[in-house]
Amino acid sequence: MSLESLLAWIPDGHPDQHLAREVSIDRLPAHVAIIMDGNGRWAAGRHLPRVEGHRAGIEAVRSTVETAARLGIRVLTLYAFSRENWKRPPTEVSTLMRLLKRYLRSELNALLRNDIRFNVIGRTDHLAGDIIDELSATTAATGGNQGMVVNLALNYGGRAEIVDAARRAIEAGVAPDELDEQRFAAFLYTAGQPDPDLLIRTSGEMRVSNFLLWQIAYAEIYVTDTYWPDFRRQHLLEAILAYQKRERRYGGISPSREAAGAR
Ligand code: IPE
Ligand code: IPE
Ligand code: MG
């Protein structure tokens with residue numbers, strides 16, 4: 001996909017066209033990860049039950065997935081349900097699962113049309129059988145696609161992922177002296193994918209809530225006050241533009257100072 005593909009999708013004269021043209025297409029984040037937060041507060045602000053916020057959040061997922069795919073992002077990871085989210089009332093959890101199933105069914109065509117490969121990360125074997133079946137069907141149906149990968153994080157925990165990777169490394173018979181960071185990363189759920197360059201969290205919360213703990217080592221963090229159900233193409237473009245203004249150092253010194261021969 002390409003900037004042209006994104007521009008063609010935005011109605012002429014819409015302010016998002018201007019935003020999209022500002023993006024440097026050669027400096028896109030390869031991997032964008034999003035903590036989709038604030039559904040409950042969005043609903044509370046409208047005197048609605050929390051689950052209405054989750055329902056409204058589906059439109060934000062649609063808009064974000066299509067924008068990222070058209071722009072040419074390689075990997076998009078969406079935090080949909082954490083291992084800690086089981087602490088919520090059972091009715092909220094069951095509604096979330098029902099919405100997930102509905103989303104998977106209604107979005108399959110859009111995923112195929114946009115050449116998106118769907119993938120799930122997390123301890124999904126602990127989910128209900130019908131959800132596992134739906135996830136497997138979507139993964140299989142999109143398995144041949146070559147465009148963006150969407151990782152949906154479900155029953156996901158960053159620490160659990162690291163423990164699972166350690167277990168797999170042991171099972172694979174990796175000797176302690178053979179184990180290094182690169183080898184270890186090949187046992188994570190995101191094996192073979194670039195680490196997130198940009199981590200977005202909506203609803204203003206300044207925490208990572210057990211998301212991709214290993215992979216976000218050098219991610220640029222962008223927090224917006226926008227609640228997830230209000231997040232659209234415009235907000236993703238704004239996050240990417242903010243990312244493109246950052247200077248990434250990875251522990252080194254600023255490239256401009258390096259060029260000037262700073263010590
Ligand atoms: C994020 O919104 C969705 C999930 C965690 C599933 P929340 O439900 O956490 O919304 P707030 O944070 O209570 O507003
Ligand atoms: C993080 O949001 C999990 C997801 C977005 C799925 P939470 O709302 O669960 O995080 P905390 O509890 O505020 O840290
Ligand atoms: Mg929350």
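Visitor: At what angle do helix H4 and helix H9 pack?
Guide: This is a predicted model, in which local features need pLDDT of at least 70 and side-chain atom pairs count only at pLDDT 80 or more, while totals for chains, interfaces and linings use all residues. Residues are numbered from 1 along each chain as its sequence is written, chains are lettered from A and ligands numbered from 1 in the order in which they are written, and side-chain values use heavy atoms, leaving out hydrogens and water. Helices (H or I, at least four residues) and strands (E, at least two) are DSSP runs numbered from the N terminus, and axes are lines fitted to C-alpha atoms, for helices over the stretch in contact, with angles from 0 to 180 degrees between N-to-C directions. The axes of H4 (residues 50–71) and H9 (residues 233–244) are 8 Å apart, and the helices pack at an angle of about 50°.

Visitor: Which word describes H4 relative to H9?
Guide: Angles under 35 degrees count as roughly parallel, over 145 as roughly antiparallel, 65 to 115 as roughly perpendicular and the rest as oblique. The angle here is about 50°, so H4 is oblique to H9.

Visitor: Which residues of H9 does H4 meet?
Guide: Contact means heavy atoms within 4.5 Å. From H4, Ser 63, Thr 64, Thr 67, Ala 68 and Leu 71 take part, and their partners in H9 are Arg 233, Leu 236, Leu 237 and Ile 240.

Visitor: What is the distance from Arg 207 to an oxygen atom of ligand 2, taken from a polar side-chain atom?
Guide: The residues around ligand 2 include Asp 37, Arg 88 and Arg 207. An N or O atom in the side chain of Asp 37 is 3.2 Å from a ligand 2 oxygen, and a polar side-chain atom of Arg 88 lies 3.3 Å from one. For Arg 207 the distance is 2.8 Å.

Visitor: How far apart in space are Val 120 and Val 150?
Guide: Val 120 is in strand S3 (residues 117–121). In sequence, Val 120 and Val 150 are 30 residues apart. In space, C-alpha to C-alpha, they are separated by 8.1 Å.

How values were computed
Near = heavy atom within 4 Å. Polar contact = N/O pair within 3.5 Å; in protein donor to acceptor, adjacent residues only side chain to side chain.
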